[in-house]
Amino acid sequence: MRSRYTAFAVGDAEYLAGSWHPGSRPESLEVDDDLSWAGLEILDTERGQSGDTRGVVEFRAHFQQGHGRGANRGVLRERSRFVFQSGRWWYLDGVLR
């Protein structure tokens, strides 16, 4: 989860696409250059440990859209599902809260 947040923060769409499960990955993925990510809070986790095949992470990601006086601050809250396959964790999908 933290690596995906970092990829959003630095605008690395290639990493994000590569960490998304092929069965649920969108055909194209673009990051919004107008968003600045300002912090990640992990709120809850379920499973996701060694030996597990599924995991859930609920998080809040703080962002700022725009620059200067016209900037808007916001929070993205999501409950994300992950699956462990082929020796690695993949992002499946998420539900916004």
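Q: Hi! Where is serine 80 placed?
A: Serine 80 is in strand β3, residues 72–85. Strands here are DSSP runs of E with at least two residues, helices are runs of H or I with at least four, and both are numbered from the N terminus.

Q: What kind of model is this?
A: This is a predicted model, where local features need pLDDT of at least 70, side-chain atom pairs count only at pLDDT 80 or more, and totals for chains, interfaces and linings use all residues. Residues are numbered from 1 along each chain as its sequence is written, and side-chain values use heavy atoms, leaving out hydrogens and water.

Q: Okay, is serine 80 buried or exposed?
A: Serine 80 counts as buried because its relative accessibility is 0%. Buried means under 20% relative accessible area, exposed means over 50%, and partly exposed is in between (1.4 Å probe, protein chains only).

Q: And what does serine 80 touch?
A: Leaving out residues up to four places away in sequence, serine 80 touches Met1, Gly55, Val56, Val57, Phe59, Tyr91, Asp93 and Gly94. Contact means heavy atoms within 4.5 Å.

Q: Which side chain makes a polar contact with the side chain of serine 80?
A: That's the side chain of glutamate 78, at 2.6 Å. A polar contact is a pair of N or O atoms within 3.5 Å; within protein, one must be able to donate a hydrogen and the other to accept it, and residues adjacent in sequence count only if both atoms are side-chain atoms.

Q: What stands opposite serine 80 in β4?
A: Glycine 94 does. β3 and β4 (residues 88–96) run antiparallel and are joined by eight bridges; strands pair if DSSP finds at least two bridges between them. They form a hairpin with two residues between them, and serine 86 in the turn has a positive phi of about 55°.

Q: New topic: how many helices and strands does the protein have?
A: There are two helices and four strands, in the order α-α-β-β-β-β along the sequence. The C-alpha trace spans about 50 × 30 × 20 Å along its principal axes, and buried residues make up 28% of the 97 residues.

Q: Where does aspartate 33 lie?
A: Aspartate 33 lies in the loop between α2 (13–19) and β1 (35–47). Aspartate 33 counts as exposed because its relative accessibility is 70%. Its C-alpha atom is separated by 30 Å from that of phenylalanine 84, 51 residues apart along the chain.
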